[in-house]
Amino acid sequence: MSKHALIELKNVQKKWDMGGNATIPVLTNINLTIRAGEFLAILGPSGSGKSTLLRIIAGLTPVSSGEIIYLGKEYHGVNPGAAMVFQSFALFPWLTVLENVTLGLESKPIADDEKKEKALHIIDVIGLDGFENAYPKELSGGMQQRVGLGRALVSDPDVLLMDEPFSALDVLTAENLRRDLLKLWRDKKIPTKTIIMVTHGIEEAVYMADRIIVVSGNPARINYDMQVTLPHCRDKKDPLFTNFVDKLYSLMMKKEHIETHRVITVKNREIAMIPQVSAGALTGFLEFLKDLNKKTDLYKLADRFMMDSEDFFPIVEGTTLLKFTKVTDGDIELTPEGILFAQASVLERKKLFRSQLIQHVPFINKIIAILQSKSNKRMSIEFFEDILTNSFSPTEVQKHMNILITWGRYAELFAYDEKSKQLYLEDTTNS
Ligand code: ADP
Ligand code: MG
């Protein structure tokens, strides 16, 4: 065991079994030592495998190979020292606050009286004193998540695992809860030794964590591991703080993150996972960049749009994939095509969009070629979904087809008939 290691992951790999012989690798070569006293944030693009990694640490998802070790011992089932907080709160609506919190002790061999005592204590600690007998629906979102925290903390876990715990809350509520939790942890009001938080918010990670790992690539690995060497309580306006934020934006926007976005090969042609963003959002973003008229820091832009990186990155990735923008070292600028697009009329835009799509999204060409080869110029969506099924999960296939259809429609390359569930070429297009 490494010195002071609480949890160790050694050569962890995870593949999803898709039935038959098909598997999708999501995580590879994960080597991670987590020490007592650390607040670790796991950051990464959407779908990169952050939640999977957290569930592996919790012992809720088995690894495909490699070892997970807690206090020097390999474990295969649920990690006995860990408790989890979910984004969706996951409370039972028919149970009171006290009952929901007590559930965190369900599997512990202690008397009911003691369970109640512990639950009441933690309810007090998390600021829900007086609400013991309330039901979740009587509470605000912030208070409901306090119950979620209470249920996790009541068992005095060594390791508190949180999967985007603040992302369902409004800005101010989230801010309060982050501050309160940090205070409990820093003042040692809770015996938790280590907190591991999955987040898509770069600022949130820099505000809370002592150490941030960036998980990305296909399959994902730990691409960066950095210490946040700022004292608490951190000030988001402090230039040292924004430096960290800027640095992380640069890291996450590096070519390898964007372009190693899930890619599969079909007959030697690559199919990249296409960012989930509408043509309208892309258009608005390009116009905005045109007005700015200069290279700009991505983190400043996200701030101006008041967007989370999770919502913001797909827009950036979409415009980069289509070569309307170029990202270098955390700065974004329009390419000559991007400038043309931003200045063009509605019709010219469609044309430009079409030409970039054809050049840079090979799967679009495949769709068109298949439709053209059919005498009725039609093909069921299932046919295309099947091509994607071997390499993407069912929800991803859906998302992927939706966005391809949205983009294809906007570019007037093909259309989709909801009724017959067929893609088809219109007479007027592609002549
Ligand atoms: P993140 O939390 O970073 O958004 P996840 O860990 O939830 O990512 O998912 C990583 C990838 O694994 C995604 O492509 C997702 O669709 C896929 N995935 C997640 N859970 C399963 C599952 N049970 N079976 C198959 N694929 C899954
Ligand atoms: Mg997740």
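1. Helix 1 (residues 50–58) gives the largest share of the shell around ligand 1, namely 3 residues. Helices here are DSSP runs of H or I with at least four residues, strands are runs of E with at least two, and both are numbered from the N terminus. The model is predicted, so local features need pLDDT of at least 70 and side-chain atom pairs count only at pLDDT 80 or more, while totals for chains, interfaces and linings use all residues. Residues are numbered from 1 along each chain as its sequence is written, chains are lettered from A and ligands numbered from 1 in the order in which they are written, and side-chain values use heavy atoms, with hydrogens and water left out.

2. Ligand 1 is surrounded by 13 residues, where a residue counts if one of its heavy atoms lies within 4 Å. The closest are Gly-47, Lys-50, Ser-51, Thr-52 and Glu-396.

3. A polar side-chain atom of Thr-52 is 2.5 Å from an oxygen atom of the ligand, and for an N or O atom in the side chain of Trp-16 the distance is 2.9 Å. From Ser-48, a backbone N or O atom lies 3.2 Å from a ligand oxygen. On its own, ligand 1 has 570 Å² of accessible area, and the protein covers 71% of this (Shrake-Rupley method, 1.4 Å probe).

4. Asp-210 sits in the loop between helix 6 (202–208) and strand 9 (211–216). Asp-210 is buried (under 20% relative accessible area, 1.4 Å probe, protein chains only). It has no salt bridge, meaning a side-chain nitrogen of Lys or Arg within 4 Å of a carboxyl oxygen of Asp or Glu. The nearest side chain of opposite charge, Arg-234, is 4.0 Å away. Beyond its neighbours within four places in sequence, the contacts of Asp-210 include Gly-37, Phe-39, His-232 and Arg-234 (heavy atoms within 4.5 Å).

5. One runs from Asn-218 to Pro-219, with omega near -5°; Pro-219 is in the loop between strand 9 and strand 10 (221–227). Another joins His-232 and Cys-233, with omega about -10°, and Cys-233 is in the loop between strand 10 and helix 7 (239–252).

6. Ala-90 is not a glycine, yet its phi is positive, about 55°. Ala-90 is partly exposed at 34% relative accessibility (between 20% and 50%). Lys-188 also has a positive phi, near 60°, and is exposed at 69% (over 50%).

How values were computed: Lys and Arg count as positive and Asp and Glu as negative; His and the chain ends are not counted. A polar contact is a pair of N or O atoms within 3.5 Å; within protein, one must be able to donate a hydrogen and the other to accept it, and residues adjacent in sequence count only if both atoms are side-chain atoms.
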